[in-house]
Amino acid sequence: MATCTTQISTAPVQRLLETVSLYLHIPFCHTRCHYCDFNTYAGILPLREPYVQALQIEIEQAGKLARLPGGTARHARTIFFGGGTPSLLSATQTSHLLHACRSAFALDEDAEVTLEANPGTLTLEHLSELRTAGINRLSIVTQSFDSALLKTLGRIHSPEEIHQALHAARAAGFTSINLDFMFGLPGQTMQHWRETLDQALALHPEHLSLYSLIIEEGTPFYTWTQEGSITPGDEDLCADMYEYADERLQAAGYENYEISNWALPGHQCRHNLTYWHNLPYLGMGAGAYSSFGGRRFSNVLAPLEYIRLLKARLRPEAESETIERVQEMTETAFLELRTAMGIHLPSFEQRFSESLAQFVGDRLRPVEAAGLLEQTAEWLRLSKRGRLLGNEVFSRLLPD
Ligand code: SF4
């Protein structure tokens, strides 16, 4: 059973840059939640089988694209089935996709293989089959334990179904489980938030992701906020909720290893660490993003068009940009500062043949003087105060 035990921040950076993480986008949902702007669709479940077939072709294409000089398959460290609702695929479909990944890439023996799931779409039988197929980590999208708030969000599951999903996952043998929650929701009080965290901790998940609500254009929440029929939590309440959660979770033994993520020892999410260390990843599926080989590229959004292109054995890429060196350096520093460990200065220098100090010059001096950063011989990280005022620091990383 693989868990997220590897600390990748100090592993030799050149070796990590030769590996890849794989993201598979599954764009199916029963209904659309009121806050969601992801590339997902309700009412297209009959497309699941042709979509899975198309995805298998893209995985094969990506494996060829990513081959090492000499033609050997590239090492893949993690796979993440995201969405959408990947738990709407059958275990057989999921297994076919995993098989395609194993054929196209050299999948590490202890690879972390995560599947995102929604309560209400999980049975013990389905979860046991997923576990047998090779899924070793579950991320259960829960958002709240309050039934009125779940309704406001447009979620179709009840708080009881979160409990059922967790218990079924444990019975199926999952020992690495993430639960996601949101704060700053319309009508959410500190009391709601405390109760949600109480219930979450009582379930002993290995990992928790807590995000403040962001109102995205084009969603019902955006319209309702404009009309004034809902009011999201204000900045002060969100800051209080964040601080309360951080204290509560750290007291319960969880490490806040990234601004929005807490884990028990050995359960940091290796897939997300790939993003936060700005390491290569290949995203496959409709609308999926990749950062690989000095380019950032994304696929066509519409599942039907995606299926059509792959059936014709064409690449589904819609957009592409070259990642300039300065952009990669800025992004690496920015993303690593979001993690609790911060930037490993020798790895940064090894990766870019230029030290962070040379790269940023005097730009960080004012935020250092204001106590927003902490530096040791090898690490630069945000201080506790800096975590609350991260944007002040991040904006100074941008070149003049
Ligand atoms: S289930 Fe997830 S992906 Fe689907 S609409 Fe809701 S938030 Fe979006």
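Start by selecting Arg248, which counts as partly exposed because its relative accessibility is 27%. Here buried means under 20% relative accessible area, exposed means over 50%, and partly exposed is in between (1.4 Å probe, protein chains only). Before you go on, note that this is a predicted model, where local features need pLDDT of at least 70, side-chain atom pairs count only at pLDDT 80 or more, and totals for chains, interfaces and linings use all residues. Residues are numbered from 1 along each chain as its sequence is written, and side-chain values use heavy atoms, with hydrogens and water left out.

Arg248 and Asp198 form a salt bridge, with 2.4 Å between the closest N and O atoms. The two come from distant parts of the chain, 50 residues apart: Arg248 sits in helix H9 (residues 235-251) and Asp198 in helix H7 (residues 190-202). Helices (H or I, at least four residues) and strands (E, at least two) are DSSP runs, numbered from the N terminus. Asp198 is partly exposed, at 34% relative accessibility.

A salt bridge, by the way, is a side-chain nitrogen of Lys or Arg within 4 Å of a carboxyl oxygen of Asp or Glu. Side chains of opposite charge can pair when their charged atoms come close. Searching the whole structure turns up twelve salt bridges.

For another one, pick Arg296 and Glu331, whose side chains meet at 2.9 Å, N to O. Arg296 belongs to strand E13 (residues 295-299) and Glu331 to helix H12 (residues 325-337), so this pair ties together parts 35 residues apart in sequence. Are these two buried or exposed? Both Arg296 and Glu331 are buried.

Stay on H12 and select Glu328. Its salt bridge partner is Arg351, with the closest N and O atoms 2.9 Å apart. Arg351 lies in helix H13 (residues 345-352), so the pair ties H12 to a part 23 residues away in sequence. Glu328 is partly exposed at 24% relative accessibility, while Arg351 is buried at 12%. Glu60, Lys64 and Arg313 are also worth a click: salt bridges that share partners join them into one network.

Next, find Gln61 in helix H2 (residues 48-65). Gln61 counts as buried, with 16% relative accessibility. Which residues does Gln61 contact, leaving aside its neighbours within four places in sequence? They are Leu310, Arg313, Leu314, Arg315 and Pro316, where contact means heavy atoms within 4.5 Å.

Move to strand E1 (residues 20-26). Seven of its seven residues are buried, so E1 is largely enclosed by the rest of the structure. Val20, Leu22, Leu24 and Ile26 point one way, and Ser21, Tyr23 and His25 the other. Show strand E4 (residues 75-83) too: it runs parallel to E1, joined by seven bridges, and His25 has Gly82 as its bridge partner there. E1 also pairs in the parallel sense with strand E11 (residues 281-284), over four bridges, and Leu24 stands opposite Met284. Strands pair if DSSP finds at least two bridges between them.

Finish at the ligand. Select the 13 residues that surround it; the closest are Cys29, Cys33, Cys36, Gly84 and Asn118. A residue is near a molecule or strand if one of its heavy atoms lies within 4 Å of it.
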